[in-house]
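Me: Hi! I'd like to talk through a structure with you. Could you take a look with me?

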Amino acid sequence: MMHHVSDEMLEDYVSGQLSAGWSLGVATHLALCPACRKRVQVLEAVGGVLLENIEPVPTASTSLQDIMSRIAEPRDEIIAVTPTSPTRPRGGNLTPILPEPLRQMVGGDVAHLKWRRLNGDVSQVIFETGDQTTSCRLLRVKAGRPVAEHSHGGNEFTLVLAGSFSDKLGTFARGDVELTDEHVEHQPIAGPDEDCICLAVTDAPLRFRNPIVRLFQPLFKI
Ligand SMILES: [Zn+2]
């Protein structure tokens with residue numbers, strides 16, 4: 001599913017098999033995407049039925065009709081993620097740019113963070129999730145400006161939180177996810193109207209085409 005979390009990733013999320021970095025990415029997308037929250041509800045319902053069937057239960061409670069009705073029933077308690085709060089944060093805008101659980105993980109909304117410049121167009125905030133297998137950061141790209149062309153040593157999960165960006169795979173706006181891997185080389189360009197802020201989760205360093213950018217990679221941990 002373009003712009004959403006893949007079926008495989010969502011299943012791994014629901015069954016608790018994603019490491020903390022990917023899990024944070026999925027949870028943040030869920031906070032912004034009612035469609036994927038619905039998919040999680042269905043997966044949870046199916047998972048619950050499968051688990052119940054492992055134990056001996058009266059056959060009457062496991063009819064197909066029963067399973068279908070459980071899937072159809074909204075089960076609010078299984079939504080682990082709170083949608084973006086409409087309340088006004090201290091001194092900030094009406095709606096925070098960073099939804100929970102991301103905001104708490106990085107220690108505030110975008111205006112309160114220490115952004116570190118990578119060049120004139122791009123700055124970042126690297127933060128720890130306690131997950132050694134992934135690297136998590138917020139990236140901020142100036143409106144209308146590109147990120148250096150790169151491919152990937154592994155998987156990259158990019159979730160747009162403000163503004164938008166475009167590359168050869170499409171245009172991505174707030175809430176949209178782009179999943180790329182070692183087969184994709186791209187040059188994202190921020191939309192012209194406002195700075196693009198993204199959550200990026202990677203499990204290997206990016207591969208930049210420009211040798212000067214490569215030279216600075218260890219310094220920027222990108
Ligand atoms: Zn979605």
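Predicted model: local features only at pLDDT ≥ 70, side-chain atom pairs only at ≥ 80, totals over all residues.

Me: How many bridges join E5 to E10?
Reply: Six bridges hold E5 (residues 156–162) to E10 (residues 196–202), and the two run antiparallel. Within that pairing, Thr 158 has Ala 200 of E10 as its bridge partner, and Phe 157 stands opposite Val 201 in E10.

Me: What about E3 and E10, how many bridges there?
Reply: Seven, again in the antiparallel sense. Leu 138 has Leu 199 in E10 as its bridge partner.

Me: How many residues of E10 are buried?
Reply: Seven of the seven, so E10 is largely enclosed by the rest of the structure.

Me: Which residues sit on which side of E10?
Reply: One side carries Cys 196, Cys 198, Ala 200 and Thr 202, and the other has Ile 197, Leu 199 and Val 201. They are all buried, which leaves both faces of E10 covered. As background, side chains in a regular strand alternate between the two faces of the sheet.

Me: Switching to the metal: which residues coordinate the zinc ion?
Reply: His 4 through ND1, His 29 through NE2, and Cys 33 and Cys 36 through their SG atoms, at 2.0 to 2.3 Å.

Me: What geometry does the site of the zinc ion have?
Reply: Tetrahedral, with angles of 100 to 125° among the four donor atoms. In sequence, the donor residues follow the spacing H-x24-H-x3-C-x2-C.

Me: Where in the chain are His 4 and Cys 33?
Reply: His 4 is in the segment before H1, while Cys 33 is in the loop between H2 (20–32) and H3 (34–54). The two are 29 residues apart, and the pair links distant parts of the chain.

Me: Is Cys 33 buried or exposed?
Reply: Buried, with a relative accessible area of 5%.

Me: Now H1. Which of its residues are buried?
Reply: In H1 (residues 7–14), Met 9, Leu 10 and Tyr 13 are buried. They span an arc of only 100° around the axis, which places them on the same side of H1.

Me: What comes just after H1?
Reply: Gly 16, which takes a positive phi of about 75°.

Me: Let's do the core. Which residues have the most contacts inside the largest nonpolar one?
Reply: Val 26, Leu 102, Leu 138 and Phe 157, in a core of 30 residues. The elements that give two or more residues to this core are H1, H2, H3, H5 (102–106), E2 (122–127), E3 (135–141), E5 and E10.

Me: Which element gives the most?
Reply: H2, with five residues.

Me: Where is the cis peptide bond?
Reply: Between Glu 100 and Pro 101, with omega about 10°. Pro 101 lies in the loop between H4 (64–72) and H5. In general, most peptide bonds are trans.

Me: Last one: how many residues lie between E6 and E7 in their hairpin?
Reply: Two. E6 (residues 164–167) and E7 (residues 170–173) pair in the antiparallel sense over four bridges, and Ser 166 has Thr 171 in E7 as its bridge partner.

Technical notes
Residues numbered from 1 in each chain as written. Heavy atoms only, no water. Buried < 20%, exposed > 50% of the residue type's maximum accessible area, 1.4 Å probe, protein only. Arc of directions from axis to C-beta. Donors = N, O, S within 2.8 Å, 3.2 Å for Na, K, Ca; no water. Tetrahedral: all angles 85-135°; square planar, octahedral: opposite > 155°, others 65-115°. Pairing = 2+ DSSP bridges. Core = buried A, V, L, I, M, F, W, Y, C linked by side-chain atoms within 4.5 Å.
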